[in-house]
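Could you walk me through this structure in the viewer, one selection at a time? I would like to know what to pick next and what is there.

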Amino acid sequence: MTRFIVFRCLAAVLTVWLASMVVFAMVRAAPGDIIEMMMGQMGSSEGEAALRRFFGLDQPVYVQYFDWLGRVVTGDFGSSWRQGSPVLELVINAFTVSFELALLVLIVSSLIGVPLGLLAGYRAGSAVDTIIQAFNVLFLATPVFWLALMLLFGVSTFFYWSPPTIYVSPLRSLGDNLVILAMPMASLAFLQIAAYAQFVRQHVVQALQQDYVRALKARGVPARTILGKHVLRNILVPLITFMGLIFIQILGGVVVIESLFGLPGLGRLLVNALYARDFPVVQGALVMVLISAIAINLLVDILYRAIDPRLRS
Amino acid sequence: MSETFDTNRRRLLKSVAAIPLLSLLGMSLTGVSAQAAAADLVYGASDPAAKQGGSLTVGSLIEPPSFDIYHQAGEAVNFVAPLMYQTLVYADHDGNPHPLLAESWEINEDASVYTFTLRSGVTFHTGQPFEAADVKYSLDYMRNAENGTIGALDFADIDTVEAIDPLTVRVTLKQPNSAFLITLTHRNGSIIPRDWYAGENARARLNSTSVGTGPFRLVEFVQNSYMRLERNQDYWQPGLPYLDEIVVNFIPNSAGMLVAVRNGRVDMAVLVRPQDAEQLEGVGGLTVQRSRSLNQKSLDLDSEYGPLKDERVRQAIALLIDKQAVMQAAISGYGQVLGTTVPGLQERWGVPLGELPNQTVDVDRAKALLAEAGHPDGIDIELRTIIGYDWMEPAALTLVEQLAKGGVRVAIQRLDLGTWLQNFRARQMGFTLNDWGTPPDPNILYYRHFHKKPQGADFRNWANDEASTLLDEGRQALAYEDRKAIYDRFQKLLAESVPTVMMFGADHIVVVSDTVKNHAMHPIGWHFGLVKTWVDK
Amino acid sequence: MTAQFASMIARRPALTMGMALALAIAVVALLPGLFAPQPPNAIDVGRALLPPSAEHWFGTDHVGRDVYARVVHGARVTLGIVAGSLALSALFGGVAGTIAGYLRGWSDLFSGQLVEVILSFPPIFLGVMITGIIGSNVANLMLALSIVYLPLFFRAARSAAMVESARPYVEAAQVLGAGEGRILFRHLLPNVLPAVLTQYIILFPLALQIQAALGFLGLGVQPPTPDWGASLQESKDYVLYASWTAIFPGLALVVSSLAVILIGRGLQSRT
């Protein structure tokens, strides 16, 4: 087990390192740079050169990369070129917003999606199953940002309500925070509820066909016990893997709708920094995304092994 | 996230005002004193009924990248910077200069030496007193291109800045410039405490604190979210500002902004798409304010780009454009069709459109000109637009149709702002839509853009000797009549040779809640008006 | 014939519905002119933002273009981009995966690591990064999408190839002296194909969502090309007072995804 964890961690580090090179090379390949965005249309060439020196942009790309890498290894992601504030602080602040939203979606959708899936699976073939399946297919096919747009339009038009536009941290006021996040959360949750319900249903149907479940049924064990005690425990392992996958997917969805709701999350940070060619922030944000995605996968792998003894050998 | 940035950094203030003001055209250039009437024009009209206090939330589609005001260009910064940073001179809604940090000034006979007497008893947000040495430091720092400043070219004319005594500053120019006072009213002329940039981490610190002399100070700036300004308790103008607090909320898209306005999440919003105003017209509790601007939406033609090298091709393109239709498509007609100057300057400086060549559609002549230029089958050309500028796409689509009628086949190419700016500054703008504004003076509007190199930037590679001579004469002439005659000739040349087609200027559209009182948008589109705005909540 | 058809519908309703929808969409995508004779790019500023009517079934957009015509003509653009880029990544990912799965060793390790790097980016981030940097147009969008989905085809093909190469007939072919290329292309590829095709159907709706999301973020095709995601990007600012400009392109996306998802489920479940 320890060997496995060490090996996986090493592989993860290697991946992050390779990916950081890809990120760096791509960011530098972008046409235009921050100098243009700062100087606008009227800058002088001396001023341009001065700023280029200031940001180290006059150095060859590989020098810039190793310089950056050297500092990143010690935990220094540099400062935003636009604002001078530490990249790490900007990225962590933004990440917290995206992460909280993603976590909310994960919780809400598993709380609703898993029971729906259990119900549909247990009653496979019934009218309830058909309705739940129709719901699943429909929301799996619906783009998250479009649903968000429709919610914003519908609620604003018919209920004269829209989320407050200034983000409030949950630490300052949890109530205000949840009011702000309610609509973005709802737009993301439908898809994930459908994903959960479908996933769980499929596993329940499979489990119910297995001999031990049939035996339990024959012995007259109540349906609730079979589902809760036996079936659910059996699908727990794949469910955890699935949660990891879904969490990364939710993070992606969060990014697309952040601009729509004006949330100061990672997606908006990234898109704005990309637009402004604020390279340290772009690099920092992407590396953060990478690390979190890889960490989640790693965590899932380890959990998977911890829960399922068969995989330990 | 449309951002109307200005091409001309020396944007000042002037135009036909949204609210009627005294005509001060007869005022002489020298010795303006701070009389009550004139003081009333600084930051708009005062309101005797105003109540002190209260907070105002402003929705903004654009967000300042940073408040490092000496190194960061952009309309998003211009928008709010004047609330925190002040200049020596202020230009009112009509474009007349008024004393701000300078109490008065004297100008020598040929407008090459400007001597300013500074206001006493003014302090910076840092607590330091405001003195001549600060003015010298600020102007010297800004005009030194080696510092990477954005306004170096604006002040390239300055020869020396001398602090004669703590309250007197003398600026000597390399050549006469009758528009220098107006140049100083741009935020590039903002005064900061001496040696500020020599301090440690000075650039970054400007994002958490402000160091100007303005009526508001910066207390909080959260990227991608909001910024908060608080009333400057030590402000030098008695009784001002009225508000205790201004919160600017950055909302990244029009849909979110409209919802926020309609549901009372913000008290005021500047709309970049005037169409949205129509949707809010009937909504209770809201007022839509519309006023004339100093900006222009234009079509630029690089005179060294492909078929555009031939003047006849450029003329043919001009002859195919129905500006009214383009404006209708782009901004639902909420603006003014232009000839050769911006809306706010048309009355005082513009040549009537009827007297300019190439202003009315003539497809037959356009075709004939193209054939003459060796393109009997028409031409293919790429039209560039900038991502994030909402008006450009419908305008470009309309132009595609209009130009096709004369055999000019256009393909649209969307560029991101960074790439576009790179092309622009490298003088490879090609055939592109552009969006820029100007301070209310023809010298500032035309010189940089249309004077041949090296004195001007000549972004469009026009290299026109006659035009350059006229621009030199215009800069040195003092009397209004002389200047007007010179700029009339220049404008006719501009319309004849077509390095640019100024299509239309968009009006400023501001939606305010009924609790917001005494707000007037300055023609330049910056939030000067908030100094005298108050809320009745 | 009719009876057979009816029984098929009864046995596999999802598959039949999906196929019927997909067929209809394919016909529309191939022959848009037949369904919407109006040109999708003809602007008429005087008739901007008109609600749906007999003349304009889906209303008009902010420059007076017929939304119905744009949705119909957008089918080819949007679905074409998704189908094309997925085909590209299926081709390259499939071939590379088959080779890696057969040869193993260093080439496998190397390409595996490369794939791992791409996979470590959530798709939308990768898409935003690629199109945001190299610029947005049809070619770049397709490039971005095919890079995003290449690893998944690689993985599917690799594991299928590993299973196949363990079979006796491959060993037999090796013993008989068949070249590696011959084994790869004559024996392995045809057997890997079903795995790749399955992957294609699973990924299609996902890729469609990413394509639309990129268009929505303004990183899609150049105007005035009618594309559903790009249409939504344009119309999001008008959704409050001209909801039809956003509703219909979105519905088109939903229906197309739905068709493919139904086919996928129909193929999966034998019940």
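Start by selecting chain A, which has twelve helices and zero strands. Bear in mind as you go that this is a predicted model. Read along the sequence, the pattern of chain A is α-α-α-α-α-α-α-α-α-α-α-α. Taken along the principal axes, its C-alpha atoms fill a box of roughly 85 × 60 × 35 Å. Of the 313 residues of chain A, 45% count as buried. Among contacts in chain A between residues at least 6 apart in sequence, 74% join residues at least 24 apart.

Next, pick out two helices of chain A: α7 (residues 144-159) and α8 (residues 174-208). Their axes come within 9 Å and cross at roughly 135°. That angle makes α7(A) oblique to α8(A). The crossing in which α7(A) passes α8(A) is right-handed. To see where they meet, show A:V144, A:L147, A:A148, A:L151, A:L152 and A:V155 from α7(A), then A:M183, A:P184, A:A186, A:S187, A:L188, A:F190 and A:L191 from α8(A). Colour this contact by class and you will find twelve nonpolar, one polar and no charged residues.

Now bring chain C into view. Here 31 residues of chain A are in contact with 32 residues of chain C. On the chain A side, α1 (2-29), α6 (127-140), α7, α10 (223-261), α11 (266-276) and α12 (279-307) each supply at least two residues. The most come from α1(A), with seven residues. By class, this side of chain A divides into 27 nonpolar, four polar and no charged residues.

Switch to chain B for the other stop along chain A. This contact takes 43 residues from chain A and 48 residues from chain B. The elements of chain A that give two or more residues to it are α2 (34-39), α3 (45-55), α7, α10 and α11. The class colouring shows 21 nonpolar, 16 polar and six charged residues on the side of chain A that touches chain B.

Finally, turn to the largest nonpolar core, with 345 residues. Which members touch the most others? They are A:F145, A:A285, B:V326 and C:A207. Helix α9 (residues 180-216) of chain C gives the most to this core, with 18 residues. Centre the view on A:A285 to end the tour: leaving aside residues up to four places away in sequence, A:A285 touches A:V91, A:L266, A:L269, A:L270 and A:A273.

How values were computed
Residues are numbered from 1 along each chain as its sequence is written. Chains are lettered from A and ligands numbered from 1 in the order in which they are written. This is a predicted model: local features need pLDDT of at least 70, side-chain atom pairs count only at pLDDT 80 or more; totals for chains, interfaces and linings use all residues. Axes are lines fitted to C-alpha atoms, for helices over the stretch in contact, and angles run from 0 to 180 degrees between N-to-C directions. Helices (H or I, at least four residues) and strands (E, at least two) are DSSP runs, numbered from the N terminus. Angles under 35 degrees count as roughly parallel, over 145 as roughly antiparallel, 65 to 115 as roughly perpendicular and the rest as oblique. A crossing is left-handed if the near helix is turned anticlockwise from the far one by less than a right angle, and right-handed if clockwise. Two residues are in contact if their C-beta atoms, placed from the backbone, lie within 7 Å. Ala, Val, Leu, Ile, Met, Phe, Trp, Tyr, Cys and Pro count as nonpolar, Asp, Glu, Lys and Arg as charged, and the others, Gly among them, as polar. A nonpolar core is a set of buried Ala, Val, Leu, Ile, Met, Phe, Trp, Tyr and Cys residues joined through C-beta atoms within 7 Å. A residue is buried if 20 or more other C-beta atoms lie within 10 Å of its own, exposed if 12 or fewer, and partly exposed in between; C-beta atoms are placed from the backbone.
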